[in-house]
Amino acid sequence: MQNYKRTNHSVGNNIWHFEWCTKYRYSIFRKPYYKNLMAILLHEGAKRNHIEITALNVQPNHVHLIASLPRGMTDIEAERLLKGYTARVFFLAAPEMRSRYPQGHLWSRGKFGITVGFK
């Protein structure tokens, strides 16, 4: 039996698989410090925007994320919120990365998103 989210006037789930890459495909998350920092920032950004992360995998140059979005939130909006928050706070927590990304763009413009259903 599926567990649907219920609100006053709607029932259902909004589950997505997201993937996005670092700018220029630099492998900055090879270092455990940056990889763990990014995982923490993604969880914090999701929590701030009422996004529930089901699975997270931070690879050396990209991120895989399966998340349940609030009903009514689009995939584009969720990716924009997560990418924006993580980039801003990442540069505050690791200012030495500004030498790698002098213009402050951590993520590439591209992104991937697909809906995910129950098994």
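Two strands are taken to pair if DSSP finds at least two bridges between them. Helices (H or I, at least four residues) and strands (E, at least two) are themselves DSSP runs, numbered from the N terminus. On that basis, strand 3 and strand 6 (residues 112-115) run antiparallel and are joined by four bridges. The structure is a predicted model, in which local features need pLDDT of at least 70 and side-chain atom pairs count only at pLDDT 80 or more, while totals for chains, interfaces and linings use all residues. Residues are numbered from 1 along each chain as its sequence is written, and side-chain values use heavy atoms, with hydrogens and water left out.

**Confidence**

- The chain has a mean pLDDT (the predictor's confidence in each residue, from 0 to 100) of 92, and 97% of its residues reach 70 or more.
- Confidence is highest in helix 1, at a mean of 97, and lowest in strand 1 (residues 5-6), at 78.

- An open sheet is formed by four strands in the order 4-5-3-6, with antiparallel pairing.
- Strand 4 and strand 6 are the edge strands, each pairing on one side only.
- From one strand to the next, the twist averages 15 degrees.
- Strand 3 and strand 5 run antiparallel and are joined by seven bridges; W20 stands opposite V63 in strand 5.
- Within strand 5, L65 is the bridge partner of L56, and S68 is the bridge partner of E52.
- Five of the seven residues of strand 3 are buried (under 20% relative accessible area; exposed is over 50% and partly exposed in between, with a 1.4 Å probe and protein chains only), so the strand is mostly covered.

**Helices against the sheet**

- Helix 1 packs on the sheet and touches strand 3, strand 4 and strand 5, where contact means heavy atoms within 4.5 Å.
- The direction of helix 1 makes about 160 degrees with that of strand 4; axes are lines fitted to C-alpha atoms, for helices over the stretch in contact, and angles run from 0 to 180 degrees between N-to-C directions.
- Helix 2 lies across strand 3, strand 5 and strand 6, and runs at about 45 degrees to strand 3.

**The nonpolar core**

- A nonpolar core is a set of buried Ala, Val, Leu, Ile, Met, Phe, Trp, Tyr and Cys residues joined through side-chain atoms within 4.5 Å.
- The largest such core has 31 residues, and F90 and L106 have the most contacts inside it.
- Two or more residues are given to this core by each of strand 3, helix 1, strand 4 (52-58), strand 5 (62-68) and helix 2 (75-93).
- Helix 2 gives the most, with seven residues.
- In soluble globular proteins, nonpolar side chains tend to be buried together.
- Beyond its neighbours within four places in sequence, F90 is in contact with I28, F29, Y34, L37, M38, L41, M97 and L106.

**Residue T22**

- T22 lies in the loop between strand 3 (15-21) and helix 1 (32-48).
- T22 counts as buried because its relative accessibility is 1%.
- The side chain of T22 reaches the backbone oxygen of Y26 at 2.7 Å. A polar contact is a pair of N or O atoms within 3.5 Å; within protein, one must be able to donate a hydrogen and the other to accept it, and residues adjacent in sequence count only if both atoms are side-chain atoms.
- Not counting residues up to four places away in sequence, T22 touches I28, F29, N61, Y101, L106, W107 and S108.

**Residue S68**

- S68 is found in strand 5 and is buried, with a relative accessible area of 7%.
- Apart from neighbours within four places in sequence, S68 is in contact with K5, N14, I15, H50, I51 and E52.

- R25, in the loop between strand 3 and helix 1, is a residue other than glycine with a positive phi, near 55 degrees.
- R25 counts as partly exposed, at 44% relative accessibility.
- H50, in the loop between helix 1 and strand 4, is not a glycine either, yet has a positive phi of about 60 degrees.
- H50 counts as exposed, at 62% relative accessibility.
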